[in-house]
Amino acid sequence: MTTVAQVLTAPTRGAVAVVRVTGPRAMDVVESAFRPAFVRSLRESGTDRPRVGRFGEAQGDEVVVIPIGSPPSTVEIHGHGGSAAVHSILKVLASLGVDTGGADTNGEAPPGWSDRARQMLPFAPTLRVAEILLEQQAGALEREWGQIVALSAVDPESARKRFAALRARSSYGLKLIDGWKVALAGRPNVGKSSLFNGLAGFTRAVVSEVAGTTRDVLALRTALDGWPIEFLDMAGLRESRD
């Protein structure tokens, strides 16, 4: 069984980042690079207890290490949330033979939609979007593409149809975070603001029989069936002498 390292926290600015090391060598690997501040060794301190120290070569980074389980087959390393600190930890683990999942220990993330999905996940506006991004993070797009390539060798026509279906879904993937923008436009006093309030579920726009009540664009972020949408209530379209 391979010992692997995973970054549990999002690749965004944060105070703390968490790297989890799992596998038969997890405890040995982490202990070889960890210098605890108040105990002689990590193993002597017991499991499920946080220990403060430094991780890495020379001075190393200040971290909190928590062995989990008995015997511990999982060790969590809690360190500074910056990307440089995370990649420093991954670099040390990689040098000790830990599988870092293809992460570039020089500071760059590996290419591919799965990594892009991991970066987008913290900004998911709805549960549905988060579920899609989790599937993509797990390699759904790469697997689908691999199956299309394999199918093209034995049934090119079916492969083309499958690729067309995949391409048709790309419009959804491009809108996962920002969502769709829908403008409610038309002549004055045709019910744009009333429809806008109905979609909002509360009085977001002033509704009046007086033409021209809506002068500025009003925006409303919401979701329909889990898809993020921003509705825009526009001023009535009419000719003006000024």
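Of the 242 residues of the chain, 31% are classed as buried (under 20% relative accessible area with a 1.4 Å probe, protein chains only). The model is predicted, with local features requiring pLDDT of at least 70 and side-chain atom pairs pLDDT 80 or more, while totals for chains, interfaces and linings use all residues. Residues are numbered from 1 along each chain as its sequence is written, and side-chain values use heavy atoms, without hydrogens and water. Eight helices and nine strands make up the secondary structure (DSSP runs, H or I of at least four residues and E of at least two, numbered from the N terminus).

The largest nonpolar core contains 22 residues; such a core is a set of buried Ala, Val, Leu, Ile, Met, Phe, Trp, Tyr and Cys residues joined through side-chain atoms within 4.5 Å. At least two residues of this core come from each of β2 (16-22), α1 (26-33), β5 (61-69), β6 (72-80) and α2 (83-95). Leu93, among the core residues with the most contacts inside it, touches Ala5, Val19, Val21, Val29, Phe55, Ile77 and Val98, residues up to four places away in sequence being excluded (contact: heavy atoms within 4.5 Å). A second, separate core has seven residues, including Leu184, Ala205, Ile229 and Phe231.

In helix α8 (residues 192-200), the buried residues are Lys192, Ser193, Phe196, Asn197 and Ala200. They lie on the same side of α8 because they cover an arc of only 135° around the axis, taken from the directions from the helix axis to the C-beta atoms. The buried residues of α8 pack against β7 (180-184), β8 (218-224) and β9 (227-233). Gly201, which follows α8, has a positive phi near 85°.

Key
Buried < 20%, exposed > 50% of the residue type's maximum accessible area, 1.4 Å probe, protein only.
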